[in-house]
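Hi everyone, thanks for coming. Let me show you the structure I have been looking at, and then we can walk through it together.

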Amino acid sequence: MTTPPILELRGVSKNFGNTLALHNINLEIANGEFLTLLGPSGCGKTTILRILSGFEAPTRGAVFLNGQEITSSPPELRQVNTVFQSYALFPHMSVWDNVAFGLRMQKRPKVEINQRVAEILRRVHLAEYGDRMPRQLSGGQQQRVAIARAIINNPLVLLLDEPFSALDLKLRKQMQFEIKHLQRQIGITFVFVTHDQEEAFAMSDRVVVMNEGTVIQVGSPQEIYEEPESLFVARFVGEINVLEGDIRAARPGGTYQAEVEGVPFILHSRREFAEGETVKVLLRPEDLKVYLEQEKAQQPPFFLGTINETVYKGATVDILRTLDNGKKLQAAEFFNEDDADITYRPGDRVSVTWVEGWEVVLNAEGE
Ligand SMILES: Nc1ncnc2c1ncn2[C@@H]1O[C@H](COP(=O)(O)OP(=O)(O)O)[C@@H](O)[C@H]1O
Ligand SMILES: [Mg+2]
């Protein structure tokens, strides 16, 4: 990171009695970044946000905001605000009053309050809605009021804890787009929490994958999806085929001669493997290439198998097939005009290979 981080967690652990909620978390968040904590329920996401906002103190470790240690500063002295899932708007107050509330509590001059509320409502595209009551707004508009209220004090960081989990899919997608757009406009660092990988990928500059109180992998959505560092990450962020392999010999340029499900293949990996080592070869459904036996004379290497089932998904068709050794695979075929006349039917004999270099090779433990 070239500029100093706006937020930093250094060796942060958190115990609740005998529960180790967080274990040695080290994380740097860049200024202006949209960072998402992604992981299954109970992995410690909310606990991290509560430690950042000051509602919870770490058992060990330190937190820095803009270079200053804030580990034991109270929430009101941190330039960090939180948007909650429920929005927590005051139902009996207008949009304007909801947004002005914090500045009035601070007894800011009236002229300043009017000017800042007008400015922030304009920024969240609610300039015309100041007189409305929360119940007269759509879910998305209420969310924007909650954000306006949270950013009017110019926080350095905005924390959002699963803010869309109560919304239906369509509104959720729309809000993802709006929040992302808003974050780009206002340039404030967002730390977002979700257990939904699609949501994390759609919104974030970087994603932090967590499990059981630890950080498993940090990277851009593309890195996390295409280069998962463990089977846990690969499975958590999408469908994955796992093939068994044996390393036969290392070759120059990060390639290995190997047997995968008994068929000789060349594997590409930046990792080091020993001759004779057992490995897992991970392939996304869209990495696989499938040919009807009569369709193309394929160059080896490939597997032979039989189509079990096809599942129509709109843009793609999932093809479930069984290799001759019994292994089941899932492939996604995009509709392709050139291939429009090719349909796969249960029982069809096929050969299967993958786009060279798209495999992820992990050790026998899937790490
Ligand atoms: N106040 C608390 N007291 C006891 N245990 C807690 C408390 N808050 C969280 N935990 C536990 O810490 C772990 C992490 O919780 P949390 O951060 O809420 O996970 P997430 O937000 O990822 O679902 C869970 O095992 C949870 O039960
Ligand atoms: Mg939570």
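I'll talk about the nonpolar cores, then a pair of helices, and finish with a hairpin.

Please keep in mind that this is a predicted model.

As background, nonpolar side chains tend to be buried together in soluble globular proteins. Here, the largest nonpolar core has 34 residues, and Val 99, Ile 147, Leu 158, Ile 179 and Phe 190 have the most contacts inside it. Elements giving two or more residues to this core include helix H2 (95–105), helix H4 (139–151) and strand E7 (157–161). Which element gives the most? That is H4, with 6 residues.

Now zoom in on Ile 147. Beyond its neighbours within four places in sequence, Ile 147 is in contact with Val 83, Leu 158, Leu 160, Ile 179 and Leu 182. There is also a second, separate core of 26 residues, and among them are Phe 303, Ala 331, Tyr 344 and Val 361.

On to the helices. H2 and H4 pack with their axes 8 Å apart, at an angle of about 25°, so they are roughly parallel to each other. The crossing is right-handed. From H2, Val 95, Asn 98 and Val 99 make the contact, meeting Val 145, Ala 148 and Arg 149 of H4.

Last, the hairpin. Strands E17 (residues 316–323) and E18 pair in the antiparallel sense over 7 bridges, with Asp 318 partnered by Ala 332 in E18. Between the two strands lie 4 residues, and in that turn Gly 326 has a positive phi of about 100°. Is E18 enclosed or open? Because 5 of its 7 residues (328–334) are buried, E18 is largely enclosed by the rest of the structure.

Methods. Residues are numbered from 1 along each chain as its sequence is written. Chains are lettered from A and ligands numbered from 1 in the order in which they are written. This is a predicted model: local features need pLDDT of at least 70, side-chain atom pairs count only at pLDDT 80 or more; totals for chains, interfaces and linings use all residues. Side-chain values use heavy atoms; hydrogens and water are left out. Buried means under 20% relative accessible area, exposed over 50%, partly exposed in between (1.4 Å probe, protein chains only). Two strands pair if DSSP finds at least two bridges between them. A nonpolar core is a set of buried Ala, Val, Leu, Ile, Met, Phe, Trp, Tyr and Cys residues joined through side-chain atoms within 4.5 Å. Contact means heavy atoms within 4.5 Å. Axes are lines fitted to C-alpha atoms, for helices over the stretch in contact, and angles run from 0 to 180 degrees between N-to-C directions. Angles under 35 degrees count as roughly parallel, over 145 as roughly antiparallel, 65 to 115 as roughly perpendicular and the rest as oblique. A crossing is left-handed if the near helix is turned anticlockwise from the far one by less than a right angle, and right-handed if clockwise.
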